[in-house]
Every structure is written in structure tokens, then in C-alpha cells.
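Dear colleague,

Please find below the structure for your review. My notes on it follow directly after.

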Amino acid sequence: MPSLRYHVALDDTELAAGFQAIRDEIGVEPFSEAVLADAQAAAERGPTLPPDADLAGWQDRTDLDLVAIDPPGSLDLDQAYGAERRGEGYRIHYAIADVAAFVAPGSLTEQASLERGVTLYAPDKRTSLHPPVINEDVASLRQGVDRPSVLWTIDLDAAGKLLDSTLKRCTVNINETMSYRAAQDEIDSGSARTSLALLKEIGQLRQQRERDRGAVSLNLPAQEVERDSHGHPQLVFDQTLPVENWNAQISLLTGIAAAHHMVDADMGLLRTLPTPDPETIEGLRRTARGLGVPWPDDMSYADRVRDLNPNEAHEAALLMRSARGLRGAGYLALAPGAERPSSFEHSAIASIYAHVTAPLRRVGDRYANEIVLAIC
């Protein structure tokens with residue numbers, strides 16, 4: 001799902017003080033010395049299997065060709081992707097950071113992560129979910145070093161339809177970390193390795209499956225504040241690259257696969273979103289008319305926003321406004337015997353869905369992966 005990304009690329013003491021005042025007001029505090037020491041001890045101890053985990057440990061899958069694609073300068077790398085052809089279809093390998101290997105139940109680090117819940121982003125800085133020694137070092141899927149992971153293996157047919165999936169603890173070694181721009185350039189030039197070349201192919205197939213489901217896709221552009229030639233702050237939109245959306249499709253696919261395991265087992269944590277109400281959609285239609293963006297009466301909300309170009313100013317403005325149609329997201333805990341609501345889909349994805357691909361940034365993903373591991 002999209003998130004608005006803001007970054008201030010200028011030195012402005014007034015802005016910095018304002019952002020810090022917001023953090024102070026909502027209680028965003030640095031990690032205590034005790035939490036930092038606990039995380040450092042876990043890092044020095046090395047990866048440890050959580051209680052009740054498969055005692056066989058991590059399987060060695062350092063043979064896999066995996067690439068992590070992230071914004072430049074990223075250090076908290078949650079995911080690494082690989083793919084191969086499998087008959088007429090595809091097999092995807094999606095390694096997720098095994099944060100539970102460094103965050104023990106009952107530890108000070110776990111408690112701190114439960115209190116924070118998510119990595120908090122502000123235009124001037126990121127406040128990570130875990131201390132940096134975990135988020136940016138020992139648990140991060142960085143290039144060229146063996147790392148514990150929870151490895152998703154997902155099989156698709158020739159049309160990109162989900163056939164099967166499984167999850168195991170594995171040791172992986174990331175072949176390359178690269179920016180979206182570098183990945184796009186390699187794909188466009190035809191020089192990309194097999195996994196990266198297949199990302200376009202699989203991503204486009206999954207985008208078609210998304211259209212078939214009637215899902216909503218908001219390609220929200222990142223925004224930066226920079227100084228113009230006169231030294232005045234100005235808002236600049238980053239250009240969105242196709243590879244960003246293809247890469248996002250792998251994460252969405254994994255969340256859908258996880259949700260199917262959970263629903264079948266009647267145990268798990270689903271991400272839900274209600275259908276937008278008619279008043280919200282009508283308001284967005286009025287906005288489109290005001291911006292001069294065509295929206296035929298017979299075109300759905302999902303179809304209109306999916307094809308908006310974030311690199312065109314008027315369409316980018318409607319994209320930002322269209323995020324209002326995605327309000328009300330929540331979580332649903334599944335448990336044997338518990339009553340289920342009549343509908344528990346994520347309306348924007350038009351499918352059941354679970355958060356499992358970002359355990360370095362969302363605390364719930366760590367537990368959701370443990371549930372799927374137990375099911376598998």
C-alpha cells in the first residue's frame with residue numbers, strides 16, 4: 001500500500017526545530033541506554049532461534065541469486081527478491097529479514113519495539129523501530145554477508161496467478177543491493193541478471209491480475225523540499241519509475257499468500273480496509289473535474305486512480321487526494337472459535353491480505369511471519 005514520503009533536503013533550523021517539537025509532543029523518544037545495551041548484546045550473541053522454532057535451524061540458501069532494491073542510502077533492508085522460470089510459470093524467492101532471531105521474547109528490545117509499533121518517518125529524519133545495531137546492521141539484508149531470513153517460496157502460473165507458497169527459515173546472502181534507478185536502467189538495457197529481468201515480466205502480470213480483481217493502485221510520488229535559485233524553499237516531486245511498482249507487486253503477492261495460510265488455519269493477523277463510501281468517491285470526482293482530469297461516469301475509482309501519472313502535476317494532485325478513499329485500515333486477529341466479520345478483505349487490494357514483508361519497520365510483521373512459519 002502507498003505511503004506519502006517527504007524529505008527535507010535543506011538545512012533549516014526553524015524547520016528542524018518544528019519537526020523535533022512534533023516528536024516531543026507525541027512522545028517520540030530515543031532508545032534508553034538499557035535498550036541500546038540489550039540490542040548490542042543480542043547483536044554480539046548472533047542469531048538465535050526463537051522458542052518453539054524448527055530446531056533444524058536455518059537452511060542454507062546462500063546459493064540463491066537475490067537482489068535488494070531500495071531507495072539510495074537505505075540501511076534497514078527488509079526484503080530481497082529472486083525469481084526463476086518454473087515450467088511455463090515462475091518461482092519467486094522472497095527473503096524477509098528474520099528480526100525474531102535478534103529480538104528475544106520478553107527482552108527490553110522487544111518491549112521497546114512494542115511501545116513504538118512502527119518506524120516513524122518525518123521529513124528530516126527516521127526514528128527506527130529497533131536500535132540501529134539491529135535495524136541497520138545485523139538483521140538488515142545487506143549485500144555480501146550471510147543473514148538469517150524467513151524465505152518465502154511462491155509459485156505462479158504463466159498468467160501470474162498464485163499457485164502455492166511456503167515459508168522456511170533460511171540463511172541467505174544478498175548478491176546485490178541497488179537503487180530503483182539502477183534496477184530500472186539494467187532492466188531497460190537488457191543487461192539485467194535473470195531474477196531482475198523477470199521482475200518486469202512478473203510485475204506486469206501481477207498488475208494485470210490486480211486489474212482483474214478491481215484493486216486500487218495509488219502510485220504516490222515522493223516529495224522533497226529544496227531551495228530554488230533564489231534560496232527559497234520549494235516542493236519537488238520525485239519521478240516514479242515502473243520498477244517501483246513491479247517491486248511492490250512482489251510484496252503485495254507475499255501478503256496475499258500469507259493471508260491465505262492464515263485464513264485456512266483460522267489463525268493470524270490480517271490487514272483490512274473497508275470499501276470507500278459513495279460520498280468520498282463523489283468528492284474525488286469533483287476534485288478531478290476541478291483539476292481538469294477526465295473521469296467518465298462509467299469508470300470506477302480503482303480504474304481511474306490506477307492509470308494516473310504521478311509525473312504529471314494535475315494527476316499527481318488527484319493521486320494525493322485519492323488517498324482519502326483508503327481510510328479506515330485496521331487489523332483483524334484470527335483465532336479458532338472467534339467470530340469473523342462478514343467481510344475482512346483489504347478493499348484496495350481486493351483480496352485478503354496480511355503484513356509480513358517489513359519486520360524491521362512494523363512490529364506486527366515479526367509475529368505474523370512466526371504464525372505462518374508455524375502453519376507451514
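A residue is called buried when its relative accessible area is under 20%, exposed when it is over 50%, and partly exposed in between, with a 1.4 Å probe and protein chains only. By that definition Ala350 is buried, because its relative accessible area is 15%. The model is a predicted one, in which local features need pLDDT of at least 70 and side-chain atom pairs count only at pLDDT 80 or more, while totals for chains, interfaces and linings use all residues. Residues are numbered from 1 along each chain as its sequence is written, and side-chain values use heavy atoms, with hydrogens and water left out.

Ala350 sits in the loop between β14 (330-334) and α11; helices (H or I, at least four residues) and strands (E, at least two) are DSSP runs numbered from the N terminus. Although Ala350 is not a glycine, its phi is positive, near 55°. Asp266 is another non-glycine residue with a positive phi, of about 55°. Asp266 belongs to the loop between α7 and β13 (268-272) and, at 21% relative accessibility, is partly exposed.

Helix α7 (residues 242-265) contains Gln249, which is buried at a relative accessible area of 5%. The side chain of Gln249 makes a polar contact with the side chain of Glu210 at 3.1 Å. A polar contact is a pair of N or O atoms within 3.5 Å; within protein, one must be able to donate a hydrogen and the other to accept it, and residues adjacent in sequence count only if both atoms are side-chain atoms. Not counting residues up to four places away in sequence, Gln249 touches Gly203, Arg206, Gln207 and Glu210, where contact means heavy atoms within 4.5 Å.

Helix α11 (residues 363-375) has several buried residues, among them Val363, Asp365, Arg366 and Ala368. The elements that cover the buried residues of α11 include α3 (108-116), β8 (146-156) and α7.

Pro131 lies in the loop between β7 (126-127) and α4 (132-138) and is buried, at 1% relative accessibility. Pro131 and Ala34 are 97 residues apart in sequence, and their C-alpha atoms are 11 Å apart in space. Leaving aside neighbours within four places in sequence, Pro131 is in contact with Phe31, Val35, Leu36, Ala39 and Thr109.

Yours sincerely
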